[in-house]
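I wrote down what I looked up, in the order I looked.

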Amino acid sequence: MGGIEQILTLDDVHVHYGAIWALKGINLTVGEGEIVSLIGANGAGKSTTLQAISGVVKSSAGKTTFRGEDITKVPAHNIVKKGIAQVPEGRRVFANLSVLENLEMGAYIRRDNKGIKQDMEMVLERFPRLKERISQVAGTLSGGEQQMLAIGRALMTRPKLMLLDEPSMGLAPLLVKEIFSIIQEINQEGTTILLVEQNARMALQISDRAYVLETGRIVLDGPAKELARQEDVKKAYLGG
Amino acid sequence: MLKKYFPSILACLALAVLFTIVQVGISGGLLSGYWITNIYLMGINIILASSLNLINGFTGEFSLGHAGFMAVGAFTGAIVTANLGLPFPLAIIAGMLAAAIAGVIVGLPTLRLRGDYLAIATLGFGEIVRVVLMNIDYVGGASGMMGIPEVVNWPIIFISVVLSLLLIRNFIGSSHGRACLAVRENDLAAQMMGVNITYYKVLAFVIGAALAGLAGVLYAHYYSIIQPKEFSFMLTFDVLVMVMVGGLGSLTGSVVGAVLLTTASAFLQAIPELRMVLYALLLIVSAVFRPQGLLGEKEITLRTFERWGGVLYAALNRKQTE
């Protein structure tokens, strides 16, 4: 990957859920400024990989390095302080809190009031629909709006690396397009993206590189455009 | 300058008026002994309900161990004054501390559990406390402790209630409180925002337990006799009903619930066999018709006083300038 500095490295990461061996030695790298996606079928270990990075599940073996620092054993609530924000699967907004309170929660770890205010303006500018609904309770938003809120909330942590877990889930095609172009914009403004997607076609379109997972192992990796052309990938994940 | 503090002054004034009315009622002989007891009980119930609400309503952990924490506080406080002959303020400190320590011991392992499991575990804790106390001769076994100094009076109750409510209110309003709300809403997402969820679950639990301990100390030093059997699951259930009827997640609701149900229970004293039936009915009716409780998550805050105060202030000002 000459030239690009590696921001995240997973070195032989294993995860067990009790007797279930979910990740069987994942090796992957994400370079500064890249969009990298993980694609694969249900149960391949995509979400588990993200959760192992963010510390929500503990890896049983292997090493995770973020910006030169070993973060394998760092608890989840401290990972975000290192500069990794996760947009979880199913959005998981704080349903009974207002849009504003949700975004403020994103800035929970920060104490720089001026910067928080700036980022709040930036987020509301990017998502005008959230601005319209700023005092509305998050649970009453539509699925797409909730996804925007989840992304906005993650942006409020001012991350270096954003982990997105199935951002297109349950959204209408037009909204999926919108969300993906927002992801690209966020990336262009300097945030590195690691994306997990069922919608492999969309994911490969916006990604620089991709990894294909099957039952806890990486079976293929390479530049997204090349993967999208490969026959077996087409057959398995792009619907022929 | 004056305008800024006006709502606070108005709130203090309202409290002072409330305090004086009851004090005059008590020392002037206007209130019967029965109603004085019930007013004290109201204060103790407000502390119990608001502290249980901090755990169940604001942090979203369903605890049923409140009677147990209250018992720990009551018996510790009674030991300090009746058995050791130390002054009452020490009993308060010791009672709250002991309940808080019990909170840590119970909280650390059980707060990993969710929903029903936590309820069962804390319920078990409450029963263990009761049975253990019954079998310790030092605290009188099943017949309990007697001769606890009757030092609790209206000013002590009033100050305890106000300070407890202030403590909970300030905690909820701080970033710690926001963290607790986030844990309640979605603990996984809260964790991803950098909230140490175990810490906040245990913290809210311990503060709630300590305040239940305070209620226990007050209870012991008002009645002067305490028995382990009084701190059964029924007591927790009473408090839970107050919280649910008032509104899970509303501090004002807990106050309203405690006042309302203590009053109702005072009137129902004449038909004790029906009391729990009516209680249960009330819970069912409120769950069906107003599941969010009387106040939902609404609060009466300084801002309420600000609104009233603003009107009043403008009126006063107008008069002055005229």
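Helices (H or I, at least four residues) and strands (E, at least two) are taken as DSSP runs, numbered from the N terminus. The model is predicted, and local features need pLDDT of at least 70, side-chain atom pairs count only at pLDDT 80 or more, while totals for chains, interfaces and linings use all residues. Residues are numbered from 1 along each chain as its sequence is written, chains are lettered from A and ligands numbered from 1 in the order in which they are written, and side-chain values use heavy atoms, with hydrogens and water left out.

Entry: aromatic pairs.
I used this rule: rings of Phe, Tyr and Trp (its six-membered ring) pair if their centres lie within 6.5 Å, and planes under 30 degrees apart count as stacked, over 60 as edge-to-face and the rest as tilted. I found 14 aromatic pairs over all chains. Phe19(B) and Trp154(B) are stacked, at 6.1 Å centre to centre and 15° between the planes. Phe19(B) is in helix α1 (residues 2-27) and Trp154(B) in helix α6 (residues 154-173), both of chain B, so this pair ties together parts 135 residues apart in sequence.

I then looked at burial (buried is under 20% relative accessible area, exposed over 50%, partly exposed in between, with a 1.4 Å probe and protein chains only). Phe19(B) is partly exposed at 23%, and Trp154(B) is buried at 8%.

I next took Phe233(B) and Phe237(B), a tilted pair with 6.2 Å centre to centre and 45° between the planes. Both lie in helix α10 (residues 233-246) of chain B, four residues apart, about one turn of the helix. Phe233(B) is partly exposed at 31%, whereas Phe237(B) is buried at 17%. I also noted a cluster in which ring pairs link Tyr40(B), Phe75(B), Tyr219(B), Tyr222(B), Tyr223(B) and Phe231(B).

Entry: nonpolar cores.
A nonpolar core is a set of buried Ala, Val, Leu, Ile, Met, Phe, Trp, Tyr and Cys residues joined through side-chain atoms within 4.5 Å. The largest has 95 residues, and those with the most contacts inside it include Phe94(A), Ile44(B) and Ile226(B). Helix α9 (residues 197-223) of chain B gives the most to this core, with 18 residues. Another core, of 47 residues, lies apart from it, with Ala200(A) and Val212(A) among them.

Entry: one surface residue.
Is Ile93(B) buried or exposed? Ile93(B) is exposed, at 53% relative accessible area, and its place is in helix α4 (residues 88-110) of chain B.
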